[in-house]
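Dear colleague,

I am handing over the structure below, and my notes on what was found in it follow directly after.

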Amino acid sequence: MTTDGSAQILDRGYRRFDGRRSGVGGAIRSTAWHTTRSVLGLGRKARHKIAPVLVIVVAMLPAVVFIGLAVLLGGDEFINDVLEGIVPLYSELARQSIAAMILFTGLVAPEALVRDRRDGMLSLYLSTPLTRRTYLGAKVLSVSGLMALIVFVPTVVYLLGMTFASLGPDGVGDWLIVLIRILLSGVLASIIYALISLGAASLTDRRAFASLAVVLTMLGALIVVQVLVEAADQSIQWRMLDPVNMPMEMIARIFGDAGQYPEIPTERVYAANAGWAGVSAAVLWARYRSAGA
Amino acid sequence: MVFGTHRALDSLTLEVPPGVTGLVGANGAGKTTFMSIVLGLRTPTNGSVSVLGLDPLREGAELRANVGYGPERNVFPDDMPASDFVKHLAEVRGMPRSEARSRASDALWLVGLGEERFRALGTMSTGQRQRVKLAQAIAADPSLVLLDEPTDGLDPVQRDEMLALIRQISSEYQIDVMLSSHLLEEVERICDNVVALDAGQLVAQGPLRELVGDVEGVTVELTEIDDVPGSVESVVAHLTAAGLRVTHEPDANRMEVLGASADLIADAVRDAVADSSARVRRIEQRRRRLEDLFEVGAS
């Protein structure tokens, strides 16, 4: 070893910062990313990863199974199966993500809000460039982003699988239209589910109760609608109050399909979804308007 | 600041200079409400506020990027390592990611948790958690740090260390600090300025050296000898006869003596005690303490 007298041990210690700060945009990005990690259980104990992994498995299973079928059965035979309704169209596969969506909405998403309230992080966040609005925006961004992935990833994987098996849409134009429909339906449905989930979860500080609140909101409304339409023989328009199926109905309409309830006009389907999103956002804001100060 | 019929802060007009400022008052005095207004989290019912030259309501985001805050509540994400916690909040306050990581480490070293920085917050003691709160408040290099009861739950040694850290942050790094406390003694030890609140009203504000410290006169405490009854009253009579002003509560052996220099009063007390056969327990320059401000405010 040679020494030329240039070696230094630097103790930087605490120092001033004169660089550029990232502002509100950076605060939202950082909070959304931190929330995403927290919700998925990354950097946390194994038990926090169980629910997210379950959701991923449920979300991906249909796409993987049907791509496997496509590969095993091959071209013409597979197309016949499509016609017989054995394997889904893209819109149907997107709608099949409903099970994963509801699992995520009930079991995983409430963690995005509840943890901060329980751990006292809300008051710390509000002492940063974040306001209550931008804080909630970061939370909605994180949760809806994850939910969008639940719709996007399996359906896009399915689209790619079908394309590689020469069973995808004809031509680049059709292929792109399908992709855009997948992305649009994923974004809209995920925002609606995220708002419903966060709105219901904002009613309590306990995660178990928050999950219960989400499930009761969604399944409670679904049961009421079922009773009204099926048992009491009321108008099928009451289906617009069903928060479980309306986003899925919207996905079908985006793909140009008739959907599960063709009697309900498309504009009413969109209005119903906007209504659920609006009411959930109002509940969320009412709960956070003066929280954490 | 009014909540329904409750007036949390009333007619508060003050200006806080740089340095360490103690926001003192009993629980419910309005300290936390005051800090919320400074941060722009509450809107005053009327009046205006300017912090670091910014309006907390209109320029709240810009202001809060330059303010660190340590809340009173001692609850954190238990499964999060201290370094991740401090880094995350530094990022939210505007630090670039790589800078936030190194600054989190530096801040934790500064508060004495360098070796413990990868420990989960849930495994830390109250003293360590208070230090983590301080570290996250300073990690993003704020111009002002607001600390709500930073010594709450600390034993005397930990409290001394925390107060020394707060003083160091101000004197070495020129970060202004406002700390709220109901412990007047600790505010007297480290603060340059004081804002004293009582039931939402301003009791006193200004440089600590002007509000507390030596004042005119001498405090005398006597002990009455059993076989010389009335000796204390006799001392009071002697001092009054010498032209001094004596404040003496009946049945108490303590008195405040004014009306001359401290040396002359001390001489007069010595003579009066000798003539009256009393015994001196304590004699000292009169000194105003922070609790005296509250007594004046109450009266």
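Two strands are taken to pair if DSSP finds at least two bridges between them, and strands (E, at least two residues) and helices (H or I, at least four) are DSSP runs numbered from the N terminus. Please keep in mind that this is a predicted model, in which local features need pLDDT of at least 70 and side-chain atom pairs count only at pLDDT 80 or more, while totals for chains, interfaces and linings use all residues. Residues are numbered from 1 along each chain as its sequence is written, and chains are lettered from A and ligands numbered from 1 in the order in which they are written.

In chain B, strand S3 (residues 20-24) and strand S6 (residues 176-181) pair in the parallel sense over five bridges, and Leu23(B) has Ser180(B) in S6(B) as its bridge partner. Both strands belong to an open sheet of six strands with mixed pairing, ordered S4-S5-S6-S3-S7-S8 (chain B). Strand S4 (67-70) and strand S8 (201-207) of chain B each have a single partner strand at the edges, so one side of each is left without a neighbour in the sheet.

Helix H1 (residues 31-39) of chain B lies across S3, S4, S5, S6 and S7 of chain B, and runs at about 150° to S5(B); here angles run from 0 to 180 degrees between N-to-C directions, with axes fitted to C-alpha atoms, for helices over the stretch in contact. Contact means that the C-beta atoms of two residues, placed from the backbone, lie within 7 Å.

A second topic is the open sheet of four strands in chain B, which has the order S10-S11-S9-S12 and antiparallel pairing. Within this sheet, strand S9 (residues 213-223) of chain B and S12(B) are joined over eight bridges, and Leu222(B) is partnered by Val280(B).

As for the interior, a nonpolar core is a set of buried Ala, Val, Leu, Ile, Met, Phe, Trp, Tyr and Cys residues joined through C-beta atoms within 7 Å, where buried means that 20 or more other C-beta atoms lie within 10 Å of a residue's own. The largest such core has 145 residues, and Leu198(A) and Leu146(B) are among those touching the most other members. Its largest share, 14 residues, comes from helix H8 (residues 132-164) of chain A. Domain 1 (2-211) and domain 2 (213-298) of chain B, whose bounds come from an automatic or database domain assignment, both give residues to this core, so it lies between them.

With best regards

Definitions and conventions. A residue is buried if 20 or more other C-beta atoms lie within 10 Å of its own, exposed if 12 or fewer, and partly exposed in between; C-beta atoms are placed from the backbone.
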